[in-house]
Amino acid sequence: MPIATKSETTANSQNSSGSKFISWMIPNKRTPTDMAADNASISSKKSSSSSFKDEAVTKKIDIDVKKLYEYATKDLHTFGYPPSPFTLVYDTNNMNRNKISSTNIVVSATNTATASIVINNSSTNSTSATLAASATSKVPTSVLPWKTRWKPFPEDKKNWNRFLSTNSEEMSKSMQFSFNDLKLRGFAGHNAAIRTFAVNEPAKIFASGSRDKTVKIWSLNVHQGIENWELDPFSESLVTYTGHRRGTINDVHFLSTGGLNDIVASCDGHVHLWDPETGTALHQFNAGRSSVVSVKPIFQSRHLVGGTIEGNITFFDAHNYIPLHTWKSSSMMTGVIRVIAVNQAETLVAVGFSTGAISLIESRTGTLVASWKGGDTEITSMKFYTDDLLLSCAPADHLICCWNVNRLALVKTIPAAQDVTSLDIYKDEILTINANNSVSFIPINDDFQAYSSKFKSSIIKSQVSSFGIVHTDQLLLFGCAEGEIFLYA
């Protein structure tokens, strides 16, 4: 099979692209009668070359407005505008629509996703086509490189090659997260701060919840966008769920219900269950006047437990779409619930309050096991390290506390130089996102040296608001205040 040379390939690509360029300008078919008339006209107007050119262009070129519309709006969907039907509107203020002597074409788009082509009639002799695409909603500039046709930077390719060269076997055996500060990919689509992540590693996807009231699902097959960027040039989400109406997405989780990635649960005050393949709503648990501020899966993801703004914890059956029971989370008024956590054995539910109090509840009976003062300010992050050890963080206290829930004793305190925005655990390490736009890696058992890495302002231009861990590949997802998402190794 003959192989085309580089020059031939370039020529072919230029020819193919040239054939599409200005494809709405279609030459009219010429008949012998038309050609004879043209020759006669040309011979009588040799002295006026300018008028000859205008007339020749007017006769030979027509404008296919539908093709022009398609060409002008083909990239608008990348800025969040869905495809809109073609609409033809005539303006007859200056003259009758049957006596159009010139055509001015303007393509417009609004944030209500309506698009149209408006044909204005005028009495001038020149023919002009003006294309204008405008979006009324503000698009963060730091997101734009991934909202348009995406091409990996040389640095991204270099980072990807460095990541592939790492010894994955050694990384998996190590109890310490191997962070090399390598940006692999960016994802864009949200237009407000990212608040939460959920990762489904078997399905190679992750979900992001944002202040823009949407949850998006993305692919973790990073190599497709880096190695094959010409065939897969976009970093768009696979599915977007738009059923939320109340506000910020507080939590999102993948629930395995006997199959792979069957249901997604997301919370904005009400708990929504929906299909991750289609984005179709399956059920919504309405908490009435109360709002669910934090929700976690429990009992092998068959149920959900949520903490309400009134200080109660409520259980939901995610399989049968049935609200179950509601229990008091404290014997006294201890403020508003900020966060809840479930231990690995799913026997205990820890509740953190705005007053700094922490309550511990037995998940099957609703028994209040204990309640104590966990900080001087509100508890915003909690994670169980083991069934018996609970980590809590009150950012304004600049402390991370480790509690033994069996002995109800403070085992260890870890100082935090900055306010902690978000906290998670990887094996024997605590990972935190800090207010100064840095990520910290803190060993729980003092087996390693703690260290921090500050993000480059040239790459991450807004405040990091949340993060998620891809445990198997030791990757980190960072969500930012302007809606950008970055994947780091």
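1. Starting with the cysteines: Cys402 has its sulfur 8.9 Å from the closest cysteine sulfur, in Cys401, too far for a bond (a disulfide here is a pair of cysteine sulfur atoms within 2.5 Å). Cys402 is also buried, at 5% relative accessible area (buried is under 20%, exposed over 50%, partly exposed in between, with a 1.4 Å probe and protein chains only). Searching the whole structure turns up zero disulfides. Cys393 is in none either, with the nearest cysteine sulfur, that of Cys401, 8.1 Å away; Cys393 is buried at 0%.

2. A word on the ground rules. This is a predicted model, so local features need pLDDT of at least 70 and side-chain atom pairs count only at pLDDT 80 or more, while totals for chains, interfaces and linings use all residues. Residues are numbered from 1 along each chain as its sequence is written, and side-chain values use heavy atoms, with hydrogens and water left out.

3. Overall make-up: the chain has eight helices and 33 strands (DSSP runs numbered from the N terminus, H or I of at least four residues for helices, E of at least two for strands). Of the 489 residues, 45% are buried.

4. Inside it, E8 (residues 205–210) and E9 (residues 215–219) are joined by five bridges, and Ala207 sits opposite Ile217 in E9.

5. Now the rings: there are 17 aromatic pairs (Phe, Tyr and Trp rings, the six-membered one for Trp, with centres within 6.5 Å; planes under 30 degrees apart are stacked, over 60 edge-to-face, the rest tilted). Phe179 and Phe441 make a tilted one, at 5.3 Å centre to centre and 35° between the planes. Phe179 is in the loop between H7 (168–173) and E6 (183–187) and Phe441 is in E29 (residues 438–443), so the pair ties together parts 262 residues apart in sequence. Phe179 is buried at 10%, and Phe441 is buried at 0%.

6. Phe187 and Trp218 have ring centres 5.6 Å apart and planes at 65°, so this pair is edge-to-face. It links E6 (Phe187) with E9 (Trp218), 31 residues apart. Phe187 is buried at 6% and Trp218 at 1%.

7. Finally, one aromatic cluster includes Phe179 and Phe441, along with Tyr426, Tyr451 and Phe478 among others.

Conventions
Pairing = 2+ DSSP bridges.
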